[in-house]
Each structure stands twice: as structure tokens, then as C-alpha cells.
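Please look over the sequence and the model below before reading on.

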Amino acid sequence: MTKMKTDYLLFYLFSLMSKGKEWQNKDLNGSTLKGVSWFKLASIILALAYVCLHPKGLEENKEIVDFILSSLSITTALLFSILVVVLDRARQSQFNGRSEKEQVNDIHQWNHLYKFASLTCNAILWSIVVIVILVCTMLYGHNVDLYDYKFCGFNNMLEFQHILLGAHFCFVVGIRFVMIYALFRFFVLFLYAVLSLYESICSELDIKQPENEIPQNRRDNVSDEIKTKYGFFKTWFVKLIALLLFLLSLLYAFWGCIDP
């Protein structure tokens, strides 16, 4: 029974990861996008930079842990609620357009639902990885400074004590790298999902675009309307007050940075 549960979990986990990887490289037409993923490369570089530049890890800034956990919790809850809406839409959607435009839009909407669900679930998966690492670090972690480790030399590498220290060093480096990489991957996938949603909305609106246009003589001009309704001086007075408040806030902010 335990083996069946584990296999069930692994099957859908691997399926989710493969679908997420597949739909990161596809557009709404179903075409595969070729080339290097600069976001993934940037995530690797930033994770390596963090490991090298912050040898003490999050010990240098413990407040950031609460901030990351709060941000991921709020964003993940938001993504879960959006997924429920997407599930509802997937159940109600009927991809049976007759005209060529309707059929193209059906393909776009089907691809969008698949892409959005895959990318969003992958983003949630990466956020869970970060949350688990941070929680386990808070519960069981120890303060480790990577600069305390020194290379023992090639002649002493095979000693049992040095092997244990090397394994511990690699484990800490790996955990920190995965945490930062997963954090950036979460936001990158979240960005992909948002852009996919934008593409889908544009596709839906393009097919329903009205054929008529508003004549020029019937289009409202906001600048003229506000001047007519509220007066020229009142409008500029409010703008002047807003500008002064903005300049005062800048002055206050920079004044605090100047040492007396």
C-alpha cells in the first residue's frame, strides 16, 4: 500500500514537471520555441552568486525568512484560487467553433488552459520547495559559515573525517543553491503564467472585436471634460498640490539619509 501511494505521488509529480517543462517552450499556437532560456540561466547565475557572496546564508538577514514565507504563502494561495477558476472554465468550455477564426481561438484557449495550469502548478511546486527548505532550516538548521571550511589537500582527501566535512559542505551549498534557484523559478513561472493569461485574453477579445468604431466627434476627451466640469484652476491646483507633496516626500526621504 505504501509503495502504491509513493508511485502514485511520483507519477503525477513527474507528469507535472514534464508538462511544465514542455509548456514553457510552447506558445498558444502549440509551436515549440527554440533557443536558450535566459530566465533559467539568470536563475542559476543568481543562485551561484548568492552562495558565493553570502557564506553565512540567511543568518546574515533573518528577517528576510519571514518576508519570503509570507510572500510565498500569499502568492501561492492566490494561485490556488485562480486554478479553481481555470478548472471551472475548462469544464464549461466547448471547443466547437465553426468559422476559421473561431477554430483558431479554440486552439488558443485550449493551449492556454493547458499552459496556464501546467506553469501555475509548477510555480506552486517550486514555492513548496522553498517553504520546506526554510521551515526545515528554522527547525533543524545550524549556522554554517562556508568560509570556515578549508581545503585539506589532495593527500588527505580520502580520510573519513575530511570526506564527512566535504559531504557536509556540498550539502549546505546544494541546499542554498536549490532554495535561491527555486525562489527565482517560482517568480519566472508566475510571470510566464501571467503572460499566458494575457495572450489568452487578447485572443478572446480579438475574435469578439466590434466592427464599428466610435466617430471622432463623439469621442470624449478626458482633459476637456475635467476642465469643463471642474474648472481650469481647480484642476491645476490639485495637480500643483500633488506635485508639491511628491517633492516634499522626496526631500524628507533624502534628508533622512544625510548625516547631521
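In this predicted model, the helices α1 (2–24), α4 (100–140) and α5 each contribute at least two residues to the lining of the second largest pocket. Among these contributors α5 gives the most, with four residues. The space in this pocket comes to about 360 Å³, and of the 18 residues that line it, Q24, N25, L33, S37 and Y192 are the closest to its centre. Sorted by class, the lining consists of seven charged, six nonpolar and five polar residues.

Helix α5, which spans residues 160–207, also belongs to what covers the buried residues of α2. Helix α2 itself runs over residues 38–53, and its 16 residues reach 22 Å from the first C-alpha to the last, close to the 22 Å expected at 1.5 Å a residue. Its buried residues are S43, A47, Y50 and V51; seen down the axis of α2, these buried residues fall within an arc of 95°, so they line one face of the helix. On the other side of α2, by contrast, W38, C52 and L53 are exposed.

Is T76 buried or exposed? Its relative accessibility is 8%, and because buried means under 20%, T76 counts as buried. Leaving aside residues up to four places away in sequence, T76 touches I124, S127 and F186.

Technical notes:
Residues are numbered from 1 along each chain as its sequence is written. This is a predicted model: local features need pLDDT of at least 70, side-chain atom pairs count only at pLDDT 80 or more; totals for chains, interfaces and linings use all residues. Side-chain values use heavy atoms; hydrogens and water are left out. The expected span of a helix is 1.5 Å times one less than its number of residues. Buried means under 20% relative accessible area, exposed over 50%, partly exposed in between (1.4 Å probe, protein chains only). The arc is that of the directions from the helix axis to the C-beta atoms. Contact means heavy atoms within 4.5 Å. On a 1 Å grid over the protein atoms alone, a cavity is a set of points where a 1.4 Å probe fits but cannot get out, and a pocket is an open set with protein on both sides within 12 Å along at least five of seven lines; lining residues have an atom within 4 Å of a point. Grid points are joined across faces, edges and corners, and a volume is the space filled by probe spheres set on the points. Ala, Val, Leu, Ile, Met, Phe, Trp, Tyr, Cys and Pro count as nonpolar, Asp, Glu, Lys and Arg as charged, and the others, Gly among them, as polar.
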